[in-house]
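Take a look at the model below.

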Amino acid sequence: MENPNNRMTACGRLERAPELSHEVMNEPFYTGTLLVKRLSGAVDRLPVTLPGKLIAESGVPLDSLLLMTGQVRSYNKVIEGAGRLMITLFAQSVTPTNDNETLNRVELCGALCKPPVYRSTPFGREICDMMLAVNRAFGKSDYIPCIAWGRNAQYASRFHVGDHLRIGGRLQSREYQKLMDNGEYIVRNAFEVSAFTLDAVDHHPQEAAFEEADVLPQPVHGGEERE
């Protein structure tokens, strides 16, 4: 179902054959990992959800570059006894392609559901974390973590819960280390939309939005630094 508030387009290759995840009203849904290259050469490992009818129609070849269009969606999953917010590209079309293997574009429009968290990383880069609630059909919403850098981070920090924002960027993956109660660190993966453009829909802080796509830092694996 087309949703003007939530659009994603990405090109990549599946890491392995999709696996059956669940069924809804007798329709199977499959999950997999889409490997999407960045211009820097890094690779984002993005979770994807594929309706069974798409696999039946296209076959989803593993050795081909695939163009997927759909939505960024969230759901809750209990892992190790605790609920975690999971992010996925819910594919609505899949087409083999030969073009633009670095394509990764997300367009969101929604409301802030948590106060923005503005800070500086250990390397002195400004960053602002946001949680955007994006309406879906049938009264549902997706809760999508977003980040902004530099001047966009300063701009984002001025908004409040309930303000509506329009964000353009990419869905990216990030490894981080979590300290457990027993003193051990475990490696986890996080997924978030990195904002290249940021604009207010119905509320305008004093400064205009900025383009940050060309000044993003390079990926660093760890608990703080993010591309």
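Predicted model: local features only at pLDDT ≥ 70, side-chain atom pairs only at ≥ 80, totals over all residues.

Residues are numbered from 1 along each chain as its sequence is written, and side-chain values use heavy atoms, with hydrogens and water left out.

Start with strand E1, residues 6-14. Strands (E, at least two residues) are DSSP runs, numbered from the N terminus. Seven of the nine residues of E1 are buried, so the strand is largely enclosed by the rest of the structure. Buried means under 20% relative accessible area (1.4 Å probe, protein chains only).

E1 has antiparallel partners. Two strands pair if DSSP finds at least two bridges between them. Five bridges join E1 to strand E7, residues 104-112. Here Ala10 has Asn104 of E7 as its bridge partner. Two bridges join E1 to strand E3, residues 27-37, and these strands also run antiparallel. Arg13 is bridged to Leu35 in E3.

Now move to strand E5, residues 66-79, which contains Gln71. Gln71 is buried, with a relative accessible area of 2%. Its side chain makes a polar contact of 3.2 Å with that of Arg73. A polar contact is a pair of N or O atoms within 3.5 Å; within protein, one must be able to donate a hydrogen and the other to accept it, and residues adjacent in sequence count only if both atoms are side-chain atoms.

Last, the cysteines. The structure holds zero disulfides (pairs of cysteine sulfur atoms within 2.5 Å). Cys146 is in no disulfide, and the nearest cysteine sulfur, that of Cys113, is 9.5 Å away. Cys146 is buried at 1% relative accessibility. Cys128 is buried too, at 0%.

Definitions and conventions:
Buried < 20%, exposed > 50% of the residue type's maximum accessible area, 1.4 Å probe, protein only. Helix = DSSP H or I, 4+ residues; strand = E, 2+ residues; numbered from the N terminus.
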